[in-house]
Amino acid sequence: MSNTSKRLIGVLLTAFLGVGLLSFIAPASVPAVAAETPLAPQYGSNGKFIAPIEAPVTGSKPISSRAELEKIGDDASYPLNGVYHLSQNIDLSGGEWVPIGDNSTDSNASRFTGTFDGQGFVISDMTITGSDYQYVGLFGFVDNATIKNVGMENTNITAVINKNNPHGACAGGIAGFAIGSTIANCYNTGDVTANTSGGAWASAGGIVGTAYTNSITITNCYNTGDVTANAPVDSNAYAGGIVGYAFIF
């Protein structure tokens, strides 16, 4: 089994991701790569955010608990294309997290396409393990979405895919898989791992597992957690401090 693992304290100020950008392809073990120290954070409820945080947009729905966060995509009044903002820190300990947006219909009907503004608050102790999900993160699959101003702390992600499929195992602290989306002023301090077998490939990123589009914008984000991808010797493993794998379709 091939694997790649790195601890990266990386900052991606602005990137338009294309083929291979910020991707690390590892059919064999590769030494960890040191990264630069991030810019001094100073914003948000804990002073750890890089950029200033503006007030939520008019009409945004406040989220103040795990129960409300879990409603996104599962409750008619919390649609996947809605506009949301955190109004306080949220602790996700005590149970496995189900990623928001799973792409089960292979369409926007099951992808997160809305706006999520963390408002400088923190979502802590998110745990996702096992083989239940292909797209793993706070959000599983995002499509032309906006996610900003959210911190992920003490993250514990281990995505396991035991069969071949078009996208392999995709794991990220913010999103497992992202198309045409904007992710801004976010950070992750926990560990992200993607594992596969049976010929599937694995991608893991501190912020996004796989960015699958001709352009995606990630600004003022950083990661300090371990990022690991494991795949069989006949497949590929991709790991990156910000994005595991990015390509044009």
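How many salt bridges does the rule count here? The count comes to 4, taking a salt bridge as a side-chain nitrogen of Lys or Arg within 4 Å of a carboxyl oxygen of Asp or Glu. Before we walk through them, note that this is a predicted model, where local features need pLDDT of at least 70, side-chain atom pairs count only at pLDDT 80 or more, and totals for chains, interfaces and linings use all residues. Residues are numbered from 1 along each chain as its sequence is written, and side-chain values use heavy atoms, with hydrogens and water left out.

Let's start with Lys48 and Glu153, whose closest N and O atoms are 3.0 Å apart. Lys48 sits in the loop between strand 2 (10-12) and strand 3 (61-63) while Glu153 belongs to strand 10 (residues 146-153), so their pairing ties together parts 105 residues apart in sequence. Strands here are DSSP runs (E, at least two residues), numbered from the N terminus. Lys48 is partly exposed at 34% relative accessible area, whereas Glu153 is buried at 15%; buried means under 20%, exposed over 50%, and partly exposed in between (1.4 Å probe, protein chains only).

Next comes a network of salt bridges linking Asp106, Arg111 and Asp143. The closest N and O atoms are 3.4 Å apart for Asp106 and Arg111, and 2.8 Å apart for Asp143 and Arg111. Asp143 lies in strand 9 (residues 139-143) and Arg111 in the loop between strand 5 (90-91) and strand 6 (115-124), so this pair joins parts 32 residues apart in sequence. Asp106 is exposed at 55%, but Arg111 is buried at 11% and Asp143 is buried at 8%.

Definitions and conventions:
Helix = DSSP H or I, 4+ residues; strand = E, 2+ residues; numbered from the N terminus.
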